[in-house]
There are 2 protein chains.
Amino acid sequence: MAGVGMHKCGRYPEKTCSELAVVAAVNALDDANVPWGDVQAAYASHVAQGVSVGEAICEKLGLTGIPILNVENACASGSTAVREAFYAVGHGVYDVVLVIGVEKMGRGVLGGAGEEGGLERLLGLNVMPALYALKANEHMHKYGTTKEQMAKVSVKNHKNGCLNPYSHFQKEFTVEEVLASRMICDPITLLQCCPTSDGAAAAVICAEDVVRKYNYKTKVFIAGTALQTEKYGSEQDLTSRTAQVAYEMAGLGPKDISLAEVHDAFTIGEILHYESLGFCPRGEGGRLIDEGRTEISGDIPVNPSGGLQSRGHPLGMTGVAQVCEVVWQLRGEAQGRQVKDPRVGLTHTQGAGGVCSVNIFVR
Amino acid sequence: MAGVGMHKCGRYPEKTCSELAVVAAVNALDDANVPWGDVQAAYASHVAQGVSVGEAICEKLGLTGIPILNVENACASGSTAVREAFYAVGHGVYDVVLVIGVEKMGRGVLGGAGEEGGLERLLGLNVMPALYALKANEHMHKYGTTKEQMAKVSVKNHKNGCLNPYSHFQKEFTVEEVLASRMICDPITLLQCCPTSDGAAAAVICAEDVVRKYNYKTKVFIAGTALQTEKYGSEQDLTSRTAQVAYEMAGLGPKDISLAEVHDAFTIGEILHYESLGFCPRGEGGRLIDEGRTEISGDIPVNPSGGLQSRGHPLGMTGVAQVCEVVWQLRGEAQGRQVKDPRVGLTHTQGAGGVCSVNIFVR
């Protein structure tokens, strides 16, 4: 990971999608000390920004003629693009590539996948808060997880977000405020949903044997990548299976993870992912947040960036934004929100349509 | 190329995008003799069909949990997906993958790329017939190419399409009829524009060392792949440069090509591509069609399938549909439209936003 960069999340009606993306790309190229003319391919990730968006972004950087392609995988789009880029570089197709994740979001509740007339839509399950509310109620029923525990995820991530200049929101909330905010879909209240944000993130990935040509400070490498889709089973099974593939590839396990950026689009998500990623046994996710172990100062910090809850969730950006945070953390550059001496960082995204991505980074 | 399959192009308001795609996928899997359960990853190509469409398609085939991703590159989406899949298999990431290209098109004139407020849109150049009309007028002015020569591309491809059961249209036209059809953007008449069609195509790509496990008749391999985007220069420069990269990778040249499926969204396109792909010198594309050399019986048959002019141009499908035709031709299975004893086939797509893809297949 030669360099990373972001455009602050927020609402930017006056900017185009490619204008946001170019800021992130230039920041990543600067961070990597890689001139744009040396980039040999570009992977753009976005969900609903139109046709040939990657080409439009790169046109603004300068027409160099390189291969460019657009990758979509719902909320896992950014992490899927990172994976494609990693494999291309890892196998010697290119030495230097740029990954760009970007989204300008529409208004209203985060919709999901499912075809017109399909079962998900008929059941109302293409609307994400409804889907996560079902998962929350199931977890409360099976394991005794409480509304307060879920609210604590929002409290923690909003607190972390105050320390992240790229977050859409920098504001702390109490458990009481989170629970008292407007009900969206019982038990999920407004302050337990990620905000609707625009933003962009970028990363430069170089082959190990050329990266030193650009940047002597680089010390973050991709150790494992997994992309999996649903089988018959729960979302937790999907995440566990994906994590397993990534852990095996990296030769690491949950106990080796110094920090994780996970898909907390809704607070119950983070609790489910604690368990699925192996940070605690099934059913004990609520206890993990209660004990403060996933705080920045805890033994397994989760979403030190503030996560989707606070940074926002520009769909195509998220997977790349997580990588930015992990790289900054592993380099010790996360300033006020720095995790102590991290060695291994994990990113996790979960997308509509039943797709899950886990990438593992080491220094 | 272990197997290929298609869903006939046409207008299918009663079918969903994934219903079209599943027919093509099952045909390709049957052709390859590969059970769906053996497929290790899927690449879906579409331009504007929504979120996680690849996942929705594969859900209909059965939830096996494999990596699935969606690739977009305007009109070059399908060929970009083939390239991604080829690299993944070629480098041992997977042994067996499925590529699916699909699109249900909207109504009206084929739009293009370009951001809201961007120069292309302000100039009206995001509307494809306008862009190609400029190219046609330039070619007529520079090289003396005639309206009759352009019309002959439509005549040839509609004749070929009559022999292709997957084509949207099976109807012959005369040069006079093509020229007398409704003017869309001078000099491009209606019968020189690809029709607006829905459709799907699929291909199974296997590693060379496992393909024989499934299918002893397979004898088509990918020899070269190139994806390039605009530099400052003409579209012909872009195509020439892309072809050059693919030719070099394959260790072949234009004289080795037995047949080509090229991007004839508008008739002038095919004439330009004759020249850019090296089938004749610059400015002599009109003469090539006059001399009948690109007919099925000619020495360099182009678009024996009927091309986009006759098959239609479901955006995400086209690049994969071209591969189907090349595989059938190289296997000698193209029936009434069979090119004589072909050894090497080339596919070429040109996408909005300045992207070009050339893939070369050998037997």
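## Basis of the model

The model is predicted: local features need pLDDT of at least 70, side-chain atom pairs count only at pLDDT 80 or more, and totals for chains, interfaces and linings use all residues. Residues are numbered from 1 along each chain as its sequence is written, while chains are lettered from A and ligands numbered from 1 in the order in which they are written.

## Where the chains meet

On chain A, 41 residues are in contact with 41 residues of chain B (two residues are in contact if their C-beta atoms, placed from the backbone, lie within 7 Å). Helix 2 (53-61), strand 3 (68-72), helix 3 (77-90) and strand 8 (221-229) of chain A each give two or more residues to the side that touches chain B. Helices (H or I, at least four residues) and strands (E, at least two) are DSSP runs, numbered from the N terminus. Strand 3 of chain A supplies the largest share of this side, five residues.

By class, the side of chain A that touches chain B has 19 nonpolar, 14 polar and eight charged residues. Here Ala, Val, Leu, Ile, Met, Phe, Trp, Tyr, Cys and Pro count as nonpolar, Asp, Glu, Lys and Arg as charged, and the others, Gly among them, as polar.

Strand 3 of chain A and strand 3 (residues 68-72) of chain B pair in the antiparallel sense over three bridges; two strands pair if DSSP finds at least two bridges between them.

## A sheet in chain B

In chain B, four strands form an open sheet in the order 8-11-10-9, with mixed pairing. Strand 8 (221-229) and strand 9 (259-261) of chain B are the edge strands, each pairing on one side only. From one strand to the next, the twist averages 15°.

Strand 8 of chain B pairs with strand 11 (residues 355-362) of chain B in the antiparallel sense over eight bridges. Opposite Leu227(B) stands Ser357(B) in strand 11 of chain B.

## Helix packing

In chain B, helix 5 (residues 128-143) and helix 10 (residues 267-276) pack at an angle of about 55°, with their axes 9 Å apart. Axes are lines fitted to C-alpha atoms, for helices over the stretch in contact, and angles run from 0 to 180 degrees between N-to-C directions. Helix 5 and helix 10 of chain B are therefore oblique to each other (angles under 35 degrees count as roughly parallel, over 145 as roughly antiparallel, 65 to 115 as roughly perpendicular and the rest as oblique).

In chain A, the axes of helix 6 (residues 147-161) and helix 10 (residues 267-276) come within 8 Å and cross at roughly 100°. Helix 6 and helix 10 of chain A are therefore roughly perpendicular to each other. The residues of this contact divide into five nonpolar, three polar and one charged.
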